[in-house]
Amino acid sequence: MIDEAYNFIYNFFSIIISINAYGNTDTKSDKISTFSIGAAGYGYIGFSLDSDLIGNGGGAALNIKYNIHKDFALGLQGGFTSYRENINHTLSGDFKALVILQRETLRNNNGFVPWASLGLGALWGSGNYNNGTMKFHDIFGFQTSLSLGLRYNYKHAYFGMGADFIYSPAIGKVQADVIYPNQDIFFIGSNIFLETGFRF
């Protein structure tokens, strides 16, 4: 029994080592990077009927991307946006998962990478509207996004620019208002952004 167990373990690790050695016959330069992480800064332009209350703004986001294939990747994005219209001021955060179509370069190769993504996640925040007479202490909703961009890979870094269209229906809880405790708020607009990051 001990000999059989020993032979099983020996054969198992021999197979694993053989597969690993076969899989690593290519150099790292012949493969795409597995992960990338970066940051983006953007300006927000509002299109919704609530834009005269929410206004325009800007913010920043953190992006993480996992490359499954040179043409396909999955990503996570978390962002923070500040909006202003006259004396009305709104703050929001969002977090969403991304499905990305791309044309990624090899690990150590320089070059342009066109990409497009579809995102789905959540939005939350707080703000004041109607010339400050209505204050929301809690805003929550979901967010969808459609993004297009172009990156340039330079060694282990990347730089890029792009734009996305955001659709976020949300509900705001009105502070100290018993007649209309909740109100629908639509964050609909476009972010125009610049980004930079690293490939691993």
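These questions and answers go through the cores and cavities of a predicted model.

Me: Which element gives the largest share of the largest nonpolar core?
Reply: The largest nonpolar core has 13 residues. Two or more of its residues come from each of α2 (51–54), β5 (111–129), β6 (134–154), β7 (157–174) and β8 (182–199). The largest share, 3 residues, is that of β6.

Me: Which residues does Ile139 touch, not counting residues up to four places away in sequence?
Reply: Ile139 is one of the residues with the most contacts inside the largest nonpolar core. With residues up to four places away in sequence left out, Ile139 touches Thr90, Leu123, Trp124, Gly125, Ser126, Gly127, Tyr129, Ala170, Ile171, Gly172, Ile185 and Phe187.

Me: What is the volume of the largest cavity?
Reply: A search of the whole structure finds 2 cavities of 30 Å³ or more. The largest cavity is lined by 35 residues, and Asn63, Gln77, Leu98, Ser147 and Asp164 lie nearest its centre. By class, its lining has 16 nonpolar, 13 polar and 6 charged residues. The volume of the largest cavity is about 390 Å³.

Me: Which element supplies the largest share of the lining of the second largest cavity?
Reply: The second largest cavity has a volume of about 40 Å³. Its lining consists of Asp50, Leu53, Ile54, Tyr129, Phe136, Gln183, Asp184 and Ile185. At least two lining residues come from each of α2 and β8. The largest share, 3 residues, is supplied by β8.

Definitions and conventions
Residues are numbered from 1 along each chain as its sequence is written. This is a predicted model: local features need pLDDT of at least 70, side-chain atom pairs count only at pLDDT 80 or more; totals for chains, interfaces and linings use all residues. Side-chain values use heavy atoms; hydrogens and water are left out. A nonpolar core is a set of buried Ala, Val, Leu, Ile, Met, Phe, Trp, Tyr and Cys residues joined through side-chain atoms within 4.5 Å. Buried means under 20% relative accessible area, exposed over 50%, partly exposed in between (1.4 Å probe, protein chains only). Helices (H or I, at least four residues) and strands (E, at least two) are DSSP runs, numbered from the N terminus. Contact means heavy atoms within 4.5 Å. On a 1 Å grid over the protein atoms alone, a cavity is a set of points where a 1.4 Å probe fits but cannot get out, and a pocket is an open set with protein on both sides within 12 Å along at least five of seven lines; lining residues have an atom within 4 Å of a point. Grid points are joined across faces, edges and corners, and a volume is the space filled by probe spheres set on the points. Ala, Val, Leu, Ile, Met, Phe, Trp, Tyr, Cys and Pro count as nonpolar, Asp, Glu, Lys and Arg as charged, and the others, Gly among them, as polar.
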